[in-house]
Amino acid sequence: MKIPSVQFIVLALLIALGACNPGSPKYVANNGSVYGTYYNIKYESPDGSDFQKQIDEEFHRLTLIFSHYEKEATITKINRNIDVTPEPEFINCFNRAEEISEITGGAFDITAGPLINAWGFGPDDRKRMTPEIVDSLKAFTGYHKVNLIDGKIVKGNPAMQLNMSAIAKGYTCDLIGELLAAKGCENYMIDIGGEVVAKGKNEKGKVWTIGIREPNEDPFNTSLNAAIMLPDHALATSGNYLNFYEENGKKYAHTIDPGSGYPVQHSLLSATVLASDCMTADAFATSFMVLGKDEGIKIAEQIPDMEIYFIYADENGDNQVYMSDGFKKYLRK
């Protein structure tokens with residue numbers, strides 16, 4: 001019998017060990033679209049695996065919970081008064097939305113969908129708005145008119161419509177972060193339409209850096225007002241400078257005040273919120289755009305672990321910045 005050479009045995013062992021051992025860690029980039037906007041995700045995969053398929057499957061699952069553009073989504077069924085038991089993710093998001101509505105005195109309100117739609121910032125055609133139409137729509141809006149009872153959403157009026165677009169996007173960032181963490185990823189950055197979650201460091205071994213855009217009406221002008229180092233935090237920015245229309249010489253911004261029923265009219269151009277989770281950052285960024293600079297500052301000062309960066313127009317129309325003291329340490333010098 002021929003005895004295998006030592007070199008052959010060593011080679012066989014190396015091949016076997018290579019087959020058993022996982023690949024080397026490497027950074028992977030995934031991108032695509034979800035909720036009608038883009039997503040960009042980067043992460044250090046422990047064994048070099050690409051998780052694009054799992055990420056897209058999770059996006060599809062969450063879309064069928066939160067997207068009011070999907071006729072089979074949970075939120076759409078609730079809006080159409082179809083009996084449905086909401087998923088745990090829907091309940092978590094709903095409960096947090098109600099909490100933030102209380103904190104902001106109704107500036108954040110997931111029942112404001114009919115007003116958003118009527119003003120032309122939803123899936124419906126824009127209406128010719130009058131005070132009478134606004135009052136009629138306000139009759140079936142109000143976060144206090146919708147409740148979670150025995151695991152079901154109960155609306156005070158069947159005509160009420162929920163819209164979670166100002167909180168679900170941030171929550172989805174958090175959930176994708178949980179997915180990556182479950183895969184063993186310790187370094188990742190998730191950006192869904194400007195809502196961002198970051199953990200650890202980038203491929204250069206540095207803290208993730210996120211830009212805050214200069215408010216301007218040119219969608220192709222991406223000049224930055226500031227760059228933020230984001231270690232283990234979430235960041236969300238809301239602004240009125242891109243999503244608006246003009247009618248009869250007047251500008252109508254997409255942020256609707258649920259209290260008045262009209263688009264907001266104040267000096268705050270964009271609100272950036274730094275928080276421990278993106279669901280919170282997302283909802284408060286929208287709330288502050290409704291409240292305006294001064295009221296937004298007052299509320300932000302009362303919330304632990306929250307920092308803010310506001311860009312507003314002064315009396316001369318020039319852009320100015322207000323930032324909380326704690327925000328300053330995150331600025332890239």
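**Inside and on the surface of a predicted model**

Valine 34 sits in strand E1, which covers residues 26–34. The model described here is a predicted one. Leaving aside residues up to four places away in sequence, valine 34 touches Tyr39, Phe59, Thr63 and Ile192. Then there is serine 67: 33 residues separate it from valine 34 in sequence, while the C-alpha atoms of the two are 9.6 Å apart in space.

Stepping back to the whole protein, nine helices and 14 strands turn up. The protein has 333 residues, and 47% of them count as buried. Among contacts with a separation of 6 or more, 59% are between residues 24 or more positions apart.

Now for the charges. Side chains of opposite charge can pair when their charged atoms come close. In this model the count comes to ten salt bridges. One of them joins lysine 152 to aspartate 83, with the closest N and O atoms 2.9 Å apart. Lysine 152 belongs to strand E4 (residues 152–155), whereas aspartate 83 is in the loop between helix H3 (74–79) and helix H4 (88–103), so this pair ties together parts that lie 69 residues apart in sequence. Lysine 152 is partly exposed at 26% relative accessibility, while aspartate 83, at 65%, counts as exposed.

Other pairs sit within a single helix. Glutamate 99 and arginine 96 meet in a salt bridge of 2.9 Å, N to O. Both lie in helix H4, three residues apart, or about one turn of the helix. Glutamate 99 has a relative accessible area of 41%, so it is partly exposed. Helix H9 (residues 293–300) holds lysine 298 and glutamate 295, which are separated by about one helical turn because they are three residues apart. These two also form a salt bridge, their closest N and O atoms being 3.4 Å apart. Lysine 298 is partly exposed at 45% relative accessibility, and glutamate 295 is partly exposed at 36%. Elsewhere, salt bridges with shared partners link Glu58, Arg61 and Glu89 into one network.

Finally, some charges gather with their own kind. Lys42, Lys204, Lys206 and Arg332 make up a patch of positive charge on the surface. Arginine 332 is found in the segment after strand E14 (319–323), and its 51% relative accessibility makes it count as exposed, since the cut-off is over 50%.

Methods:
Residues numbered from 1 in each chain as written. Predicted model: local features only at pLDDT ≥ 70, side-chain atom pairs only at ≥ 80, totals over all residues. Heavy atoms only, no water. Helix = DSSP H or I, 4+ residues; strand = E, 2+ residues; numbered from the N terminus. Buried < 20%, exposed > 50% of the residue type's maximum accessible area, 1.4 Å probe, protein only. Contact = heavy atoms within 4.5 Å. Patch = residues over 30% accessible without salt bridge, like charges linked within 9 Å, V, L, I, M, F, W, Y side chains within 5 Å. Areas by Shrake-Rupley, 256 points an atom, 1.4 Å probe, with all protein chains shown as cover. Salt bridge = Lys/Arg side-chain N within 4 Å of Asp/Glu carboxyl O. Lys, Arg positive; Asp, Glu negative; His and termini not counted. Charge placed at Lys NZ, Arg CZ, Asp CG, Glu CD.
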